[in-house]
Amino acid sequence: MARRASVIEMADFPTADATFEGGDMDCGSGLALLIRQEMLKLPVDGVLELRSTEPSVQGDLGPWASMTGHDYLGTDEPSPGSWRHFIRRGGVPDDAALEQDKVKARDYVWRTRVRSTGSREATVYARNFSWKLGQPASFEEKDEQPSAVETLLGALAADVMNGFATQCGQRGLGIDELEANAQGTLANVLAHVGLEEGDPSFSKIDLTVFVTSPAAGTDLRATFAETLKRSPLFSTLEKACEVTTRLAVM
């Protein structure tokens, strides 16, 4: 099957001076900052080849390049779901702009709004999303909405699992299947219910990520360790309670 290209023909793609693995990151998750940093390593008119598996990147690169003084040269799709994007560094110094973007990123505030929308029900609104949550903790086998405790555990598992997938992509480590489970216990749930005095906080959380991959186990475990270092939720929760983690390579 012939490879597809946009903006310029395949034969006209320049030889890249540097290559950067973007994995499945989109521009909103920090990729734009990383690209800007990689561009600073190149001389003026140097070409960066950005490799990506995220389809939205192609649509974002043209406007981004125009705003930052670089030239978006085009995109090649060597295989379905995998793209090579080419960007030429412009002559405008970008160091100050990168530092300004870093300051904005450090000061960014994530916001949610929550309304009571029923008995033991809350609706959470964030950006263009909304979802329903139930009571803080529940012993029922079935409920209309997940509890806050379950939501926190799920968020931790998703944070680590998705971060691991992204870093594997950036390191060229293929993944066939990926799954995670998280479970936790409270120090004294009766304190939450109001039956006893005590500590209602989490006492222990166990997180396991299961991966099937052709990559070497040592490479996967090194990537998992780096993922934990970068995880906002893991880094927060491990300061509050015992959190055990395990990568199971299948």
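K204 and D206 form a salt bridge, with their closest N and O atoms 3.9 Å apart; the term means a side-chain nitrogen of Lys or Arg within 4 Å of a carboxyl oxygen of Asp or Glu. K204 is partly exposed at 31% relative accessibility, and D206 is partly exposed too, at 22%. Here buried means under 20% relative accessible area, exposed means over 50%, and partly exposed is in between, using a 1.4 Å probe and protein chains only. Please keep in mind that this is a predicted model, in which local features need pLDDT of at least 70 and side-chain atom pairs count only at pLDDT 80 or more, while totals for chains, interfaces and linings use all residues. Residues are numbered from 1 along each chain as its sequence is written, and side-chain values use heavy atoms, leaving out hydrogens and water.

K204 also leads us into the strands. It stands opposite T185, and its own strand is β10. Strand β10 (residues 202-212) pairs with strand β9 (residues 177-186) in the antiparallel sense, over 10 bridges. Strand β10 also runs parallel to strand β11 (residues 242-249), joined to it by 8 bridges, and here T208 stands opposite R246 in β11. Two strands count as paired if DSSP finds at least two bridges between them. Strands (E, at least two residues) and helices (H or I, at least four) are DSSP runs, numbered from the N terminus.

Let us return to charged pairs. The count of salt bridges comes to 11. One of them joins E21 to R51, with the closest N and O atoms 3.3 Å apart. E21 lies in strand β2 (residues 18-23) and R51 in strand β3 (residues 47-52), so this pair ties together parts that are 30 residues apart in sequence. E21 is partly exposed, with a relative accessible area of 28%, and R51 is partly exposed at 35%. Both residues belong to a network of salt bridges that links E21, E49, R51, D76 and R84.

Another salt bridge brings together the side chains of E121 and K132, at 3.5 Å from N to O. This pair links distant parts of the chain, with E121 in strand β7 and K132 in strand β8, 11 residues apart. E121 is buried, at 17% relative accessible area, whereas K132 is partly exposed at 41%.

Now for the pockets. On a 1 Å grid over the protein atoms alone, where a 1.4 Å probe fits, a pocket is an open set of points with protein on both sides within 12 Å along at least five of seven lines; lining residues have an atom within 4 Å of a point. The largest pocket holds about 2200 Å³ of space, a volume being the space filled by probe spheres set on the points, which are joined across faces, edges and corners. Its lining has 49 residues, of which G28, S29, G30, W110 and P232 lie nearest the centre. Helix α4 gives the most to this lining, with 11 residues. The lining divides into 23 nonpolar, 14 polar and 12 charged residues; Ala, Val, Leu, Ile, Met, Phe, Trp, Tyr, Cys and Pro count as nonpolar, Asp, Glu, Lys and Arg as charged, and the others, Gly among them, as polar.

The second largest pocket has a volume of about 200 Å³. Among its lining residues are E150, L153 and T185, and T185 is the residue that stands opposite K204.
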